[in-house]
Amino acid sequence: MSLAEYIVAHVERGACRCGLCVDAPANPEQHQPTGHTLDLVFFQVRLVGEATKEELLGLVKAEFPRWLDGQEHGYMELGSDLGDQGLGLMAIALGGLLGAWKVRTPYNMLPGVPKDLAMELAGRGLLTLIVEKTE
C-alpha cells in the first residue's frame, strides 16, 4: 500500500470550511467528523481503522524521508509530494493523531486567533508538521 492509499484509508475528512470551494455544502460545520478529531482550520480530520504510528512512519521513510528531518514541512509541500494539497493536510492530521509528529496550526500557535485570521494564515501555509529530533 502506498502512503497516499494509507492516508485515505485511515482518515475521515470533514467538508471544507474555507468558503471558496464550489463543492462544499452550504453548512460545512454540520459536515465534520465527530469524536476525537484534529482541527486543520479548513476542515477537521478523524482517525479511522487500525492505523499505527509505526506503519505510517515506515511508509513515510520509504517515500518521503525528509518529512522526518526535524524541520517544519507544510501542507503545500506535502501536497506537492502526494499530488494533492488536501491529501497533504490529511497526512499532517494522521501523523498528529497517531503521535508521529507535532502539528502546528494557527489555532495552537496563536491561541484565541479569530477564525477569519486563522483561515488566512492557514491559506498562506501556516499548517505544518514537525518531528522533534531526540538524537
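Which strands does H1 lie across, and at what angle does H1 run to S1? Before I answer, a word on the basis: this is a predicted model, in which local features need pLDDT of at least 70, side-chain atom pairs count only at pLDDT 80 or more, and totals for chains, interfaces and linings use all residues. Residues are numbered from 1 along each chain as its sequence is written, and side-chain values use heavy atoms, with hydrogens and water left out.

To the answer, then: H1 lies across S1 and S3, and runs at about 70° to S1. Helices (H or I, at least four residues) and strands (E, at least two) are DSSP runs, numbered from the N terminus, while angles run from 0 to 180 degrees between N-to-C directions, with axes as lines fitted to C-alpha atoms, for helices over the stretch in contact.

The sheet itself is open, with three strands in the order S1-S3-S2 and antiparallel pairing, where two strands pair if DSSP finds at least two bridges between them. At its edges are S1 (11–13) and S2 (37–39), each of which pairs on one side only. Between S2 and S3 (residues 44–47) there are three bridges, and Leu 38 has Val 45 of S3 as its bridge partner.

H4 also packs on this sheet, where it touches S1, S2 and S3, and its direction makes about 50° with that of S3.

Finally, H1 (residues 3–10) and H4 (residues 85–98) pack at about 70°, with their axes 10 Å apart, which makes H1 roughly perpendicular (65 to 115 degrees) to H4. Their contact (heavy atoms within 4.5 Å) includes Ile 7 of H1 and Leu 94 of H4.

Definitions and conventions: Parallel < 35°, antiparallel > 145°, perpendicular 65-115°, else oblique.
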